[in-house]
Amino acid sequence: MTAAKSPDALSPAEALKREAAARALDYVRSGMKLGLGTGSTAKHFVDLLAQRVAQGLEVVGVPTSEATRAQAESLGVPLATLDEHPVLDLVIDGADEIGPDFSLIKGGGGALLREKIVATAAQQMIVIADASKKVARLGTFPLPIEVVDFGVAAIRRSIDKAARAAGCQGLLTLRRRPDGHVFVTDQGHLILDAAYLSISDPATLAARLSEVPGVVEHGLFINLASRVILAGADGVTVLDRA
Ligand SMILES: O=C[C@H](O)[C@H](O)[C@H](O)COP(=O)(O)O
């Protein structure tokens, strides 16, 4: 097991993520069933949570990815499956973009499907992020769309049509790993990253994409997050959805 980097050794960007993650611990109580998000910010949270667990905090975590499962397991955080605990008290997760009304783009790390299932099963979702993730309009970050690996060319065409009906147009890129191999999600699907640049009506786009046969899930999280913790140069801000 690799020892966690001391916060002093973190880059400024990582230090902000860790600050947001640390504040999220204020909302964790003993006895909670806790969804554990995925990504570099959620990783800080799991790291800090493990420290509290070592000090006696009693929680059960439900990871949103194999990566988070491996990290939490290695740090001694007690884990369960969503089948064992289909209702969770809280999920803490990162995001790629946080728009108005806390609509989110998620899935930059490819975990969007499990993340959305876990967030939907949780009574509350808290998003942790550095302040740069807050945007006036979603879409600069390419929207991840998880699809089955059958008929991808046809699925692409259907996605384009659905997106146009929601006022969006942009290139779909099949996600690859750094070694050039096609990226495959924990559930065995592919990801198309949609460069829409500007999503004027996230709810309509979400609804249209969900209707496309072959689309398993997309990274628009609407009405799921109720609290956002942002860490920036001026400190940590906690925002609650109206
Ligand atoms: O699939 C990955 C997740 O949706 C992440 O929460 C999201 O990509 C944000 O990741 P990070 O904290 O690394 O920016």
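Start with the ligand and select the residues around it. Of the 18 residues there, Gly-39, Thr-41, Gly-94, Gly-108 and Gly-109 come nearest; a residue is near a molecule if its C-beta atom, placed from the backbone, lies within 6 Å of it. The elements that give two or more residues to this shell are helix 2 (40-54) and helix 4 (112-121). Helices here are DSSP runs of H or I with at least four residues, strands are runs of E with at least two, and both are numbered from the N terminus. Colour helix 2 to see the largest share of the shell, three residues. By class, the shell has four nonpolar, 10 polar and four charged residues. Nonpolar means Ala, Val, Leu, Ile, Met, Phe, Trp, Tyr, Cys and Pro; charged means Asp, Glu, Lys and Arg; the others, Gly among them, count as polar.

This is a predicted model: local features need pLDDT of at least 70, and side-chain atom pairs count only at pLDDT 80 or more, while totals for chains, interfaces and linings use all residues. Residues are numbered from 1 along each chain as its sequence is written.

Next, select Glu-115 in helix 4. The UniProt annotation "active site", from an unreviewed entry, covers Glu-115; UniProt positions are given in the numbering used here, feature names are shortened, and annotations may be inferred rather than shown by experiment. Is Glu-115 buried or exposed? Glu-115 is buried because 32 other C-beta atoms lie within 10 Å. The cut-offs are 20 or more such atoms within 10 Å for buried, 12 or fewer for exposed, and partly exposed in between, with C-beta atoms placed from the backbone. Show its contacts too: leaving aside neighbours within four places in sequence, Glu-115 is in contact with Gly-37, Thr-38, Thr-64, Asp-93 and Lys-106. Contact means that the C-beta atoms of two residues, placed from the backbone, lie within 7 Å.

Now zoom out and colour by domain. The chain is divided into domain 1 (7-135 + 223-233) and domain 2 (143-217), with bounds from an automatic or database domain assignment. Their centres, taken over C-alpha atoms, are separated by 24 Å. The contact takes 13 residues from domain 1 and 11 residues from domain 2. On the side of domain 1 that touches domain 2, helix 4 gives the largest share, four residues. That side divides into four nonpolar, six polar and three charged residues.

Select Phe-141 next, in the loop between strand 6 (125-130) and strand 7 (143-147). Phe-141 is buried, as 20 other C-beta atoms lie within 10 Å. Leaving aside neighbours within four places in sequence, Phe-141 is in contact with Asp-96, Glu-97, Ile-105 and Gly-108. Draw a distance from Phe-141 to Ser-198: they are 57 residues apart along the chain, and their C-alpha atoms are separated by 9.1 Å.

Move on to the open sheet of three strands in the order 4-5-11, with antiparallel pairing. Two strands pair if DSSP finds at least two bridges between them. The edge strands, strand 4 (97-98) and strand 11 (220-221), each pair on one side only. Two bridges join strand 5 (residues 104-105) to strand 11, where Leu-220 is the bridge partner of Ile-105.

Finish at strand 12 (residues 227-232) and strand 13 (residues 235-240), which run antiparallel and are joined by six bridges. A hairpin connects strand 12 to strand 13 through two residues. Which residue in strand 13 is the bridge partner of Ile-229? Select Val-238.
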